[in-house]
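This briefing goes through a two-chain model with an eye to how its parts pack. Please keep the structure open while reading the points grouped below.

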Amino acid sequence: MSIEAPRRADTAAASFAAVAEEHLDDVYGYLLYLTKNWALAEDLTSETFETALRRWRRFDPRRGTHRAWLIAIARSTALDWFRADARRQRREERAEAGELDKNRDHAFGEGFSPELEEGLRALTAGEREVVALRVVLDLDGDETARLLGITVTAVSTRLHRALAKLEERMRHHDVA
Amino acid sequence: MTSPNLINELTASRPVAPTALRARVREIAAQEAAPHAARGASLWPKLRLPVRRIALVAVPAAATIAIASAGVLGLARSDSNVDALRSQSFTGKVQSEAAPETNLATPAQDLGSTVSPTLDRAQRISATLTVEVADSDGVSRAAQKALDLTESLGGHVVSASVATGDQGNAALVVRVPVAKVQEAIVQLSALGRIVSQQVTIDDLQANLDQLERRERSVRAQIAVVVAKLEGDSLDATTRAQLESRLRTLRQELRGLRRDTAATNAEARMATIQLTVVTPGVLTAVPVPSRLDRTLDEALNVLVWEGVISLAIAIVAAPFALLFLATWLGRKLYRRREEDRLLAT
């Protein structure tokens with residue numbers, strides 16, 4: 001959670017390709033944490049960059065960084081998917097979720113311990129989201145608060161709660 | 001595991017986009033047209049202004065336009081009003097009282113000869129004269145002559161004020177018999193150079209006739225009541241009612257007599273207000289300077305702009321509140337929906 005690094009591509013003249021290349025992992029990582037589903041995260045990442053390309057002319061560097069802008073689009077895309085999925089689940093009465101999660105051992109990335117994977121899965125999407133933004137993507141509190149539409153204090157509280165739950169989960173696992 | 005360890009593990013294993021996804025995103029990015037993007041990156045932010053910045057510019061700009069337009073209109077209208085102001089400044093002084101029925105006002109000579117009260121009708125005659133004399137001594141002499149004249153015509157002085165000195169002037173209010181008013185005006189006008197003269201005649205005859213008719217009616221009613229009271233067949237209650245009625249009628253009769261006497265007195269005597277001035281005292285009311293006129297007009301325009309703005313605000317306020325409520329409701333709903341979606 002250090003101060004944000006100098007923004008190489010955050011200039012008005014930056015090309016979309018360069019921005020996409022630079023922040024692809026951030027967008028994908030964020031969506032992976034949010035959905036805990038790598039296949040879905042990949043689909044949503046593609047969709048995010050398609051939307052971003054359509055809106056590329058409207059990007060205003062005075063209102064935030066390229067990364068924050070892309071994450072905001074990713075969040076909106078993911079929430080749209082969640083809404084659609086909730087409607088579909090209600091319509092089809094299909095309660096089974098996480099079918100795709102089982103397709104890969106490491107949903108959140110290589111190198112994670114199984115305990116941490118399990119702990120992350122146990123978090124809510126909102127908690128995983130704040131962990132992704134503040135810890136994995138290293139966004140500062142202000143930027144995260146703007147993205148989530150909540151206060152900086154709420155971001156801190158949510159992050160603290162998520163990490164505490166993770167710790168508790170892993171401690172329980174160690175004892176077992 | 002502690003939080004630092006957790007964070008270390010989380011940051012050490014940041015998700016990396018798979019190669020297939022990277023290739024897919026590169027394909028998407030390749031659709032970007034270079035000139036199009038360059039224009040988008042540089043032009044759009046310039047065109048797209050945040051609301052706060054717009055407000056920061058628009059509010060002072062609107063205020064400046066409002067004040068500037070008020071100033072321009074004030075300047076333009078100050079020219080067109082100057083003549084009207086000049087004329088008002090003089091006639092306003094001369095014609096200080098509105099005349100209900102007949103109003104003869106002129107700054108010219110020989111007006112006294114045009115006044116011809118109708119002696120067979122009751123009339124209230126008022127005259128206002130302003131004469132100019134050569135100097136302060138002339139003011140005293142003219143005032144004294146006016147008082148003497150009033151006395152000689154059988155009238156009396158209501159008020160008199162004589163001031164001597166550089167700006168000598170006299171203000172007299174006298175009452176003279178209506179039959180002599182013409183003679184009085186002619187002679188008072190001869191005290192100096194006539195600056196202004198106004199004669200007002202109000203007809204009082206209709207009022208007097210009405211009073212007399214009512215008086216006759218009341219007298220007749222009193223006679224009837226008195227006749228009834230002189231009879232022997234009245235019971236106590238009827239007698240008490242008739243006596244009460246008689247008292248009321250007599251009281252009304254007294255009031256009618258007073259009003260008739262007052263109206264007759266008003267009609268017998270004419271009131272003349274005489275002002276004697278020296279040159280320079282009676283000057284036109286100073287016309288406001290161009291700056292004052294401009295400021296006045298600009299203020300008027302600003303007031304109207306404020307009134308119009310207020311009216312627009314009043315009309316628009318309910319719609320704005322409705323819009324705000326809808327916007328807030330929608331935002332709140334979306335926030336709750338997001339919380340619900342992210343709680344799983």
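A crossing of two helices is called right-handed if the near helix is turned clockwise from the far one by less than a right angle, and left-handed if the turn is anticlockwise. With that convention, the crossing of H1(A) and H2(B) is right-handed. The model is predicted, and it scores ipTM 0.76 with pTM 0.48.

**The crossing of H1(A) and H2(B)**

- The axes of H1(A) and H2(B) come within 10 Å, and they cross at roughly 145 degrees.
- On the side of H1(A), the contact is made by Phe16(A), Ala17(A), Ala20(A), Leu24(A) and Tyr28(A), while H2(B) contributes Leu21(B), Arg22(B), Val25(B), Ala29(B) and Ala30(B).
- Sorted by class, this contact of H1(A) with H2(B) has 9 nonpolar residues, no polar residues and 1 charged residue.

**The interface between the chains**

- Across the interface, 46 residues of chain A are in contact with 39 residues of chain B.
- On the side of chain A that touches chain B, at least two residues come from each of H1, H2, H3, H5 and H7 of chain A, and the largest share, 8 residues, is supplied by H1(A).
- The side of chain A that touches chain B comprises 25 nonpolar, 9 polar and 12 charged residues.

**Nonpolar cores**

- The largest nonpolar core has 51 residues, and those with the most contacts inside it are Tyr30(A), Leu31(A) and Val131(A).
- Two or more residues of this core come from each of the helices H1 (16-35), H2 (38-54), H3 (66-92), H4 (114-122), H5 (125-136), H6 (141-148) and H7 (152-175) of chain A, and also from helix H2 (19-30) of chain B.
- H1(A) gives the most to this core, namely 11 residues.
- Once its neighbours within four places in sequence are left aside, Leu31(A) is in contact with Ala41(A), Leu44(A), Thr45(A), Ala74(A) and Ala78(A).
- A second, separate core has 31 residues, among them Leu149(B), Val176(B), Ile185(B) and Ala267(B).

**Confidence in chain B**

- Chain B has a mean pLDDT of 80, and 80% of its residues reach 70 or more.
- Over residues 35-41 of chain B the pLDDT stays under 50, and for this stretch the model has 9 contacts beyond four places in sequence.
- Residues 87-113 of chain B likewise stay under 50 in pLDDT, and for them the model has 39 contacts beyond four places in sequence.

Technical notes:
Residues numbered from 1 in each chain as written. Chains lettered and ligands numbered in written order. Predicted model: local features only at pLDDT ≥ 70, side-chain atom pairs only at ≥ 80, totals over all residues. Core = buried A, V, L, I, M, F, W, Y, C linked by C-beta atoms within 7 Å. Buried ≥ 20, exposed ≤ 12 C-beta atoms within 10 Å, placed from the backbone. Helix = DSSP H or I, 4+ residues; strand = E, 2+ residues; numbered from the N terminus. Contact = placed C-beta atoms within 7 Å. Nonpolar A, V, L, I, M, F, W, Y, C, P; charged D, E, K, R; others polar. pLDDT = per-residue confidence, 0-100. Axes fitted to C-alpha atoms, helices over the stretch in contact; angles between N-to-C directions.
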